[in-house]
Amino acid sequence: AAACEDAGIVASAPAPRPTNTRGDFYPPDVFTYDAVSDSMSCPNGRKLLRNGSNERDQSLRYRAEKDCTGCPLKENCTTAPRRFVYRLVHQEALSRMTGRVKADKSLMKTRRSTVEHPFGTLKYYLGGRFLLRGQLKASTETALAVLGYNLTRASKIIGRKELIERLA
């Protein structure tokens, strides 16, 4: 979203949902971020300080300042002694994009009809997962699926006979 904004593109996509394997812990969005102190606050008001980063995911890690033992909300927060929360480096841009999508429902309707259909069809063609392993093999498998999709679309738009004549 941030790269799109820098290029003057107004992105419209749903924000990725954070994973929560247990399902009953507080999600990262209930923690409030304070830009002045570059820290976060938990639902109980405890401070989480910046404690590292993940270059690959472009995220910052925040760790509870104090041990969470004795906190009345701990059972809904973590099983570890302290809670860790990751925040994306470009979280503000993602939040703006999410706000646009929530404010104008027609954006997602357009996206579903133009973008999601090809990806859903390709996923169907591939059976949901790649059959081959390794970047070169998986990219070849993707290229063949995209070629099949494009040929199918072209034959439906201009007709099989016209497509065969143009490809000859």
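## Legends to the close-up views

**View 1. Contacts of threonine 78.** Leaving aside residues up to four places away in sequence, threonine 78 touches Phe25 and Arg83 (contact means heavy atoms within 4.5 Å). The model shown is predicted: local features need pLDDT of at least 70, side-chain atom pairs count only at pLDDT 80 or more, and totals for chains, interfaces and linings use all residues. Residues are numbered from 1 along each chain as its sequence is written, and side-chain values use heavy atoms, with hydrogens and water left out.

View 2. Threonine 78 sits in the loop between strand E4 (59-64) and E5. Helices (H or I, at least four residues) and strands (E, at least two) are DSSP runs, numbered from the N terminus. Is threonine 78 buried or exposed? Threonine 78 counts as buried because its relative accessibility is 11%; buried means under 20% relative accessible area, exposed over 50%, and partly exposed in between (1.4 Å probe, protein chains only). The side chain of threonine 78 also reaches the backbone nitrogen of alanine 80, at 3.0 Å.

**View 3. Helix H2 from end to end.** Helix H2 covers residues 91-103, which is 13 residues. From first C-alpha to last, H2 reaches 18 Å, close to the 18 Å expected at 1.5 Å a residue; the expected span is 1.5 Å times one less than the number of residues.

View 4. Ala93, Leu94, Met97, Thr98 and Val101 are buried in H2. Seen down the axis of H2, these buried residues fall within an arc of 135 degrees, so they line one face of the helix; the arc is that of the directions from the helix axis to the C-beta atoms. An α-helix has 3.6 residues a turn, so residues three or four places apart point the same way. The face of H2 turned away from the buried side carries the exposed residues Lys102 and Ala103. What do the buried residues of H2 pack against? Their partners are helix H1 (2-6), strand E5 (84-88) and helix H3 (106-126).

**View 5. The elements in the whole chain.** The protein chain has five helices and five strands, and along the sequence they follow the pattern α-β-β-β-β-β-α-α-α-α. Of the 168 residues of the chain, 23% count as buried. The C-alpha atoms fill a box of roughly 75 × 35 × 25 Å, taken along the principal axes.

Methods
A polar contact is a pair of N or O atoms within 3.5 Å; within protein, one must be able to donate a hydrogen and the other to accept it, and residues adjacent in sequence count only if both atoms are side-chain atoms.
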